[in-house]
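User: I want to go through the helix packing here. Take me from the values to the labels.

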Amino acid sequence: MSSERKRSIKLRIPFIGSKPDNSKSKAATLPNEILLQIFRGVERLRMDCTEVGRRPNDHVRSLPLVCRMWFDAGQTVLYELVEFPAVSSVFKFHRTLVRTPRLCKLVRTLILPGRLGKRCPEKLHKTMIQIVGLLSDNLEELHVATDVMQTSPEDPARMVLPIPVGAHPNLTSLELFSTSHALTALPNFVQLGLSNLQSLAFHGFALRWERSFPYPILPHLTSISFVSCHLSSSIISVISAHPNLKKITWRKTAVTPFIELVGVSDIVMAYQGTITHLDLDRLNEDLGWLKRASGLQHLVISYGLFSTLLDVQSYPTDLRTLVIRVPIFYTPEMSHFESFATSGIQNHLDQLTIDVCKHHTKLLQHKEQLTTLFNGGTMRFLVDDSRACRCMAPVIAFTGDLLHPVAKYGWRYIRRVIPKEKVEFVPFLAAAALDQAQMDGHLAAGAALLGSFEQSTDPLAGWMSSQPDSTSLTSLSIPGTHDSLTWNVTGIVAAFTRTQDISLFKQLDGGVRFIDLRIGEVNGMVNLYHGSVRLDETAQLGDIFWGLYRWLDAHSTETVVVSVKVDNGTSTASLQQTVYDLVTGPDVRDYWVQSAALPTLGEARHKAILLRRFAFDQLQNITPIGIDASLGWSDNNAAFSIVYGPNSETIYIEDFYNVEGTDVAAAVASKYAALSANLDLATGGQFPDQLFLSFASGYSGINVNPASLAQGSGGVQGVNSMAISYLAGKRGARFGVVLFDFFGSDSRLAPAVLSQEVDVTASPTGVATPSSTSTGSHGGYGSSAATSSISLPYPISVSLIAVATLSLLSF
């Protein structure tokens, strides 16, 4: 394989290996100039400045696959705009540029990703700066969504842009982001050789300029934007001095200095006939300057600002177009629009537009009334709900941070900082999950174990939402399931392998917040097991994790503890690395608590907590995450403890699974004694800040299988029913984590753990019972869980099946 093709594959740029038969195709002989025009005409959507969402597929990537002769043109257009779907791609792109310097000349627009709510790591910071330095003077647009500004060695109060002087003389558009709120001097762009800049955008800056030093003018600057900035009055003077400035965007930026200075005659003179576009969203008492801004033709204002400008006399006489943006969290008053209409605005403007999100039903229901109100005169009126959804407006208002171009997964941070009462205004956030195609693939691969995801209406699906953020997880009572993925096991091994009767999604909807996963490695892939029995041929651990992410996206107030144990084979270095990558990868790390300590509920919401029953002992130079329960787990023990934290944090565990007794009654009694003893310790108050795990699961040799022990048989009450009576008798106590087998067979299990009222005398009813799952795709038992034989297409004793199965399992 040629080195050119290897590089293309690593870049995920299509390269056609075999030349197709183009003898009859005129498309294959098109000149490169024509191809470039065609490819540049293909729509390449970029993220909107006010929104966070999934990036659409870039169709330019597919074009070179059509014809080998199109590769050069496709590669040229592909590299003209470089936007990174994830932070990890930055490092790959840097390596590509180093290996293939000629690609540096192709880049026209570079959009560097941001990490919302986080400081840019030093390694990433350096790599971004190196990429900008490698690019040639063909670079025209640079958008940076992370803080790359550096402190000047000569003046600590001055921030400098770390790009080589004179390296990018053709740069016309520059967008910068800062996380520092310290007042800093405006960079000298002329000194950097960027005198051809036409558009500047600042996010999150506090800017000043020394009045004693004249600011070098950018002669071609036509547009400047400030978002979430604080500006000193000296900056306003600098802005005013640019002769060709046509457009100012001012969002979440203090405009008082601007207002004060525009009111001064010489500054107003600087704006006369110059500023034609203005975008404002800030309220201020003194708005008289707006009328004096002659030459202003296009004005975009927020509804809040509009509500203070209801008289046509408040607007400049040259104004031709007015756009009023109405965020979804505003409920506009029709009286405001009526007052505005009666002031004679119809004969003053060429066009009035109300820019509204398509989800703003309260305003859109008055669309016809507004149209009637403003019809007449020479003005064209439009209620524009066709633009991209503006439901992120409240996010901007409440974070005050840059949202563009946010990293692919930054929206999860946004969800955590939006006040709960405002979540209803952001309806798309629950659906703005990981890459949808990738998610669909994982859900399909893991469907046999995950089940089918459906939006649940069960109150238990969100029971953690009522708990305060400060709640310690050790103070909660948490329903859990043992061997959570075994619900779909069929065949002769089902009697002792299958311990659940509903899918993982159904368990989570039913209140389960502790799941038990067993894994093993085969041919470099980490699959799901119970003992040596592989639960599904296609599902891998990553598929289960992505299913968990999908559920968490729909239930952002919840957290799930994920116990992972190596059941098949040994904990190899490759297995450990795979699991570590699955929980720390840049695309999914925000779904996991990235520490080895047990967090508060607030810190864990919309995340999973890893509990490892294996060590990362074969990995080097890593920061271990998750609760480490690998040392001291005592097999088949009714009472033991593991110290997992630096401050002697301890887990008290009951995991007595191969219980005593040759019949169901004796086995249930043996198991219940161990279970109730650990629950007594949990509720006794002796260890209020420690974690308790109590397994209500088990079997007894070849005589009593998990279903019989959990659900009972022949008039004998099972462990699940006995546990419900115990929990109801101590209602209101802290039980810790209680893990059940056949969780779906009794709908009282989760409410009993959560100290909700249950009828202990009622017969078990649930999502699935042994009789309802004895046939069909799930497989299962007969109508009685304690049946002494299993229906098979050939004669074989149940004892032989039990011995063979138990030799494969590890409870």
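User: Why are α21 and α22 called roughly parallel to each other?
Analyst: In this predicted model, the axes of α21 (residues 541-554) and α22 (residues 573-584) cross at roughly 20°. Angles under 35 degrees count as roughly parallel. The pair is therefore roughly parallel. The two axes come within 11 Å.

User: What makes the contact between them?
Analyst: From α21, Leu 541, Gly 542, Phe 545 and Tyr 549 take part. From α22, Val 579, Leu 582 and Val 583 do. Contact here means heavy atoms within 4.5 Å.

User: How do the residues of the contact of α21 with α22 divide by class?
Analyst: Six are nonpolar, one is polar and none is charged. Gly counts as polar, whereas Tyr counts as nonpolar.

User: In which hand does α21 pass α22?
Analyst: The crossing is right-handed.

User: What makes α12 roughly parallel to α14?
Analyst: The angle between α12 (residues 334-342) and α14 (residues 367-374) is about 15°. The cut-off for roughly parallel is under 35 degrees, so α12 is roughly parallel to α14. Their axes lie 10 Å apart, and α12 passes α14 in a right-handed crossing.

User: Which residues of α12 and α14 meet?
Analyst: α12 brings Met 334, Phe 337, Glu 338, Phe 340 and Ala 341. α14 brings Gln 369, Leu 370, Leu 373 and Phe 374. By class, this contact has seven nonpolar residues, one polar and one charged. Glu counts as charged.

Conventions:
Residues are numbered from 1 along each chain as its sequence is written. This is a predicted model: local features need pLDDT of at least 70, side-chain atom pairs count only at pLDDT 80 or more; totals for chains, interfaces and linings use all residues. Side-chain values use heavy atoms; hydrogens and water are left out. Axes are lines fitted to C-alpha atoms, for helices over the stretch in contact, and angles run from 0 to 180 degrees between N-to-C directions. Helices (H or I, at least four residues) and strands (E, at least two) are DSSP runs, numbered from the N terminus. Angles under 35 degrees count as roughly parallel, over 145 as roughly antiparallel, 65 to 115 as roughly perpendicular and the rest as oblique. A crossing is left-handed if the near helix is turned anticlockwise from the far one by less than a right angle, and right-handed if clockwise.
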